[in-house]
Amino acid sequence: AAEEKVPKRKLAALIGFLGSKYSGFQVNPAKRTLQAEIELALFRSGILSATNFGHPSKCGWSNSARTDKGVHAASQVCSFKGEMICWNDQISQDEQLEKMRLIVNSNLPSDIQ
């Protein structure tokens with residue numbers, strides 16, 4: 001039997017962070033940025049594929065705002081196309097998304113959640 005394909009969806013993440021250790025939000029080569037850390041966590045979680053990792057345009061990455069170095073935020077929204085890694089037709093979509101949130105948070109630094 002063929003392996004069932006994991007569906008992809010446009011997802012939104014509500015993120016809070018302490019920006020003291022980061023050089024702003026947007027990816028900036030050779031700098032530690034919030035977007036780069038979030039993308040890495042999504043990749044490690046299996047939500048972003050290897051072919052899309054590091055290429056925000058391939059996954060339709062969008063930020064609600066950019067921040068400067070050292071800025072903190074209680075809620076910033078990012079959206080992207082990702083794999084529904086907890087897809088299961090036996091549980092609700094809310095339960096699937098909650099499981100995904102826990103997996104992503106486990107791959108993020110403690111100053112980003």
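Q: In which strand does Ile15 lie?
A: The model is predicted: local features need pLDDT of at least 70, side-chain atom pairs count only at pLDDT 80 or more, and totals for chains, interfaces and linings use all residues. Residues are numbered from 1 along each chain as its sequence is written, and side-chain values use heavy atoms, with hydrogens and water left out. Helices (H or I, at least four residues) and strands (E, at least two) are DSSP runs numbered from the N terminus. In these terms, Ile15 belongs to strand S1.

Q: Is Ile15 buried or exposed?
A: A residue is called buried under 20% relative accessible area, exposed over 50%, and partly exposed in between (1.4 Å probe, protein chains only). The relative accessible area of Ile15 is 6%, so this residue is buried.

Q: Which residues does Ile15 touch, not counting those up to four places away in sequence?
A: A contact requires heavy atoms within 4.5 Å. With residues up to four places away in sequence set aside, Ile15 touches Ile38, Ala74, Ser75, Gln76, Cys78, Ile112 and Gln113.

Q: In what order do the three strands form the open sheet?
A: Two strands pair if DSSP finds at least two bridges between them. Nine bridges join S1 to S3, and Ala12 has Ser79 in S3 as its bridge partner. S1 and S2 stand at the edges with a single partner strand each, so one side of each has no neighbour in the sheet. The pairing is antiparallel, and the order is S1-S3-S2.

Q: Against which elements do the buried residues of H1 pack?
A: The buried residues of H1 are Leu34, Gln35, Glu37, Ile38, Glu39, Ala41, Leu42 and Ser45. Ile112 is in contact with several residues, including Leu34, Glu37 and Ile38. The elements against which the buried residues of H1 pack are S1, S2, S3 and H2.

Q: How far does H1 reach from its first C-alpha to its last?
A: The expected span of a helix is 1.5 Å times one less than its number of residues. For the twelve residues of H1 the expected value is 16 Å, and the model comes close to it with a reach of 17 Å.

Q: To within what distance of the backbone nitrogen of Ala36 does a side-chain oxygen of Thr33 reach?
A: Thr33 is placed in the loop between S1 and H1 and counts as buried, at 0% relative accessibility. Leaving out residues up to four places away in sequence, Thr33 touches Tyr22, Ser23, Gly24, Phe25, Gln26, Val27 and Asn28. At the start of H1, the side-chain oxygen of Thr33 comes to within 3.3 Å.

Q: What is the relative accessible area of Ala30?
A: Ala30 lies in the loop between S1 and H1. Although not a glycine, Ala30 has a positive phi of about 70°. Ala30 is exposed, its relative accessible area being 89%.

Q: With which residue does Glu37 form a salt bridge?
A: Side chains of opposite charge can pair when their charged atoms come close. A salt bridge is a side-chain nitrogen of Lys or Arg within 4 Å of a carboxyl oxygen of Asp or Glu, and the count comes to two. With closest N and O atoms 3.1 Å apart, Glu37 forms a salt bridge with Arg32.

Q: How many residues apart in helix H2 are Arg101 and Glu98?
A: The side chains of Arg101 and Glu98 meet in a salt bridge at 2.6 Å, N to O. Arg101 is partly exposed at 42% relative accessibility, and Glu98 is partly exposed at 36%. About one helical turn separates Arg101 and Glu98 because their spacing in helix H2 is three residues.

Q: Which residues does Asn52 touch, not counting those up to four places away in sequence?
A: Asn52 lies in the loop between helix H1 (34–45) and strand S2 (62–63). With a relative accessible area of 12%, Asn52 is buried. Residues up to four places away in sequence not counted, Asn52 touches Lys8, Lys58 and Cys59.

Key
A polar contact is a pair of N or O atoms within 3.5 Å; within protein, one must be able to donate a hydrogen and the other to accept it, and residues adjacent in sequence count only if both atoms are side-chain atoms.
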